[in-house]
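Colleague: I'd like to learn how to read helix packing and pockets in a model. Could you take me through it, general idea first and then the case at hand?

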Amino acid sequence: MTSEPRNYRALEKSIHTDFKNRMSYGEYLHLPQILNAQHRRSGQHDEMLFIIIHQASELWLKLAGFEVEAAIRNVGNDDFRHAFKVFARVKLILTQLTQSWEILSTLTPVDYLRFRDTLGSASGFQSYSYRKLEFLLGNKNRKLVEVHRHDSEVYGELSRLLNEPALYDVVLRRLSKKGFAIDERKLDRDFSLPYEADDSVQAAWHAIYSDPDKYFELYELAEKLVDVEDAFQNWRFKHMFTVQRIIGSRQGTGGSSGVPFLKKAIDTSFFPELFAIRTEL
């Protein structure tokens, strides 16, 4: 009897090999469609990296939005246990997205310039999944929806999210129901406008942070929100720095000023009182 080579792993008899009447892994994940969606317009080697990084990022952003929508429902239903799990997942998704910029940064300026012109006016600024995530987290801007007017389905969903309460709005309503004196103008407002910090909200968080044992769930909720913003800002910063590393001060393909425009986003906070309160404690 011939013994098997040491580095050989025999196929176990129970492993399925006939998929004529069974669903395969590729069919379940629609892999033919996904793996054949990379079409280089320039023929340049490094364009494949550029395409795959952005396609993968869109999937992660889609998942992050899906999870934040769940968190909004959880907080609205006072289901903090599941919300905390979701926030932890969103934080790790954003960490994964941040890591992807490390891979893209292996693209040198010379590499990118070989195919940049083939992008035309296509830009990550037009990412529907990113805009949806920002709206869910509270960074609202009606003008940004106009970028998607050419796609009626996307335009409709973003318009709906623009006018609905974002995550922090739902959190503030929950604080109010818990007995904190949140200004009514923050609870019933035009949700299409960006959120602005408020003294009554700051006072509520101050009370919660001053007695975390009494308000442990709300205290933990606050820290989970900070975790998400921390991870999101790290992703924003790494995005900006990677773009700066590759194109310098050039204008973005979508028409923006490029790096200066991205830097402005870093100054935007989803949950301003949660950072301001740290000075008061």
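**Reading helix pairs and a pocket**

Colleague: Which hand does the crossing of H12 and H13 have?

Modeller: The crossing of H12 and H13 is left-handed. A crossing gets that name if the near helix is turned anticlockwise from the far one by less than a right angle, and right-handed if clockwise. Bear in mind that this is a predicted model, where local features need pLDDT of at least 70 and side-chain atom pairs count only at pLDDT 80 or more, while totals for chains, interfaces and linings use all residues. Numbering starts from 1 along each chain as its sequence is written, and side-chain values use heavy atoms, leaving out hydrogens and water.

Colleague: How many helices and strands are there?

Modeller: The protein chain has 14 helices and zero strands. These are DSSP runs numbered from the N terminus (helices: H or I, at least four residues; strands: E, at least two). The C-alpha trace spans about 75 × 55 × 35 Å along its principal axes.

Colleague: Back to the pair. What numbers describe it?

Modeller: Two packed helices are described by the angle between their axes and the distance between the axes. The axes are lines fitted to C-alpha atoms, for helices over the stretch in contact, and angles run from 0 to 180 degrees between N-to-C directions. For H12 (residues 216–247) and H13 (residues 259–266), the axes come within 9 Å and cross at roughly 165°. H12 and H13 are therefore roughly antiparallel. The cut-offs are under 35 degrees for roughly parallel, over 145 for roughly antiparallel, 65 to 115 for roughly perpendicular, and oblique for the rest.

Colleague: Which residues make the contact of H12 with H13?

Modeller: Contact means heavy atoms within 4.5 Å. From H12 they include Phe237, Met240 and Val243, and from H13 they include Leu262 and Ile266. By class, that contact has seven nonpolar, three polar and two charged residues. Here Ala, Val, Leu, Ile, Met, Phe, Trp, Tyr, Cys and Pro count as nonpolar, Asp, Glu, Lys and Arg as charged, and the others, Gly among them, as polar.

Colleague: At what angle do H9 and H11 pack?

Modeller: At about 65°, with the axes of H9 and H11 (residues 199–210) 11 Å apart. That makes H9 roughly perpendicular to H11, and their crossing is left-handed. Tyr168, Val171, Leu172 and Leu175 of H9 meet Val201, Ala204, Trp205 and Ile208 of H11. That contact has eight nonpolar residues, no polar and no charged.

Colleague: And how do H3 and H9 run?

Modeller: Their axes come within 9 Å and cross at roughly 10°, so H3 and H9 are roughly parallel.

Colleague: Now the second largest pocket: which residues line it?

Modeller: A pocket is an open set of points on a 1 Å grid over the protein atoms alone where a 1.4 Å probe fits, with protein on both sides within 12 Å along at least five of seven lines; lining residues have an atom within 4 Å of a point. The lining here is Ile34, Leu35, Ala37, Gln38, Ile52, Gln55, Ala56 and Leu59. H2 (31–35) and H3 (47–76) are the elements that give two or more residues, and H3 gives the largest share, four residues. Six lining residues are nonpolar, two are polar and none is charged.
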